[in-house]
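Open the model in your viewer and keep the selection panel at hand. The tour moves stop by stop.

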Amino acid sequence: TKRESWVTKGILGLLFTFNISESDQLFFVYRQRLGNKIPYSVEYTFLPFAYVPNAQSYNFAKESLYDCFNDNNIIVDHTVQTIDLVKIFKPQSDILQQPDGSASFKRVNTVYDIHNRVVEYTLSYSLADKFKFVFD
């Protein structure tokens, strides 16, 4: 089906991003950010399980992902981020309680360690009317 095709392409893209094989596992963290109890952002974070084998023991609602990195001797070196203005549709529109086609900032954050390995890949959608970007 169309959805299965999209999921397969997404998984293959992550395998390529992390330079791992199909038999390797990824740890997934889902976060919905709220402001005054109103959703303004949703984040999907993927980590190679081989780098953070104890990731399941963390409560990422209360603990930092970077504490997990530190506990696994991962030293972050740099990140590459892109931001695009996009329209959101289900499931993101439902999660953010917005109509389909609403404006959103789509951010892709790829985090590298000192060995130039990708240790985190995060895709997030944030309500465009809740953020202000300034470039000087």
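Helices (H or I, at least four residues) and strands (E, at least two) are DSSP runs, numbered from the N terminus. The model is predicted, so local features need pLDDT of at least 70 and side-chain atom pairs count only at pLDDT 80 or more, while totals for chains, interfaces and linings use all residues. Residues are numbered from 1 along each chain as its sequence is written, and side-chain values use heavy atoms, with hydrogens and water left out.

**Stop 1: the cis bond.** Select Pro-91, in the loop between β3 and α3. A cis peptide bond links Lys-90 to Pro-91, with omega at about 5 degrees. Most peptide bonds are trans.

**Stop 2: Gln-92.** Step on to Gln-92, which lies in helix α3 (residues 92-95). Buried means under 20% relative accessible area, exposed over 50%, and partly exposed in between (1.4 Å probe, protein chains only). Gln-92 counts as buried because its relative accessibility is 14%. What is Gln-92 in contact with, leaving aside its neighbours within four places in sequence? Show Val-42, Tyr-44 and Tyr-125. Contact here means heavy atoms within 4.5 Å.

**Stop 3: positive phi.** Select Gln-97, in the loop between α3 and β4. Its phi is near 55 degrees, a positive value in a non-glycine residue. Gln-97 counts as exposed, at 58% relative accessibility. Now jump to Asn-19, in the loop between α1 (2-18) and β1. Asn-19 is not a glycine either, yet has a positive phi of about 55 degrees. Asn-19 is exposed at 70% relative accessibility. Most residues other than glycine have a negative phi.

**Stop 4: the sheet.** Switch to cartoon view. An open sheet of 5 strands runs in the order β1-β2-β5-β4-β3, with antiparallel pairing. Which strands stand at the edges? They are β1 (26-35) and β3 (76-88); each has a single partner strand, so one side of each lacks a neighbour in the sheet. Two strands pair if DSSP finds at least two bridges between them. Zoom in on β4 (residues 102-113) and β5: they pair in the antiparallel sense over 9 bridges. Within this pair, Arg-107 stands opposite Ser-124 in β5.

**Stop 5: Phe-131.** Select Phe-131, in the segment after β5 (118-127). Phe-131 is partly exposed, at 34% relative accessibility.
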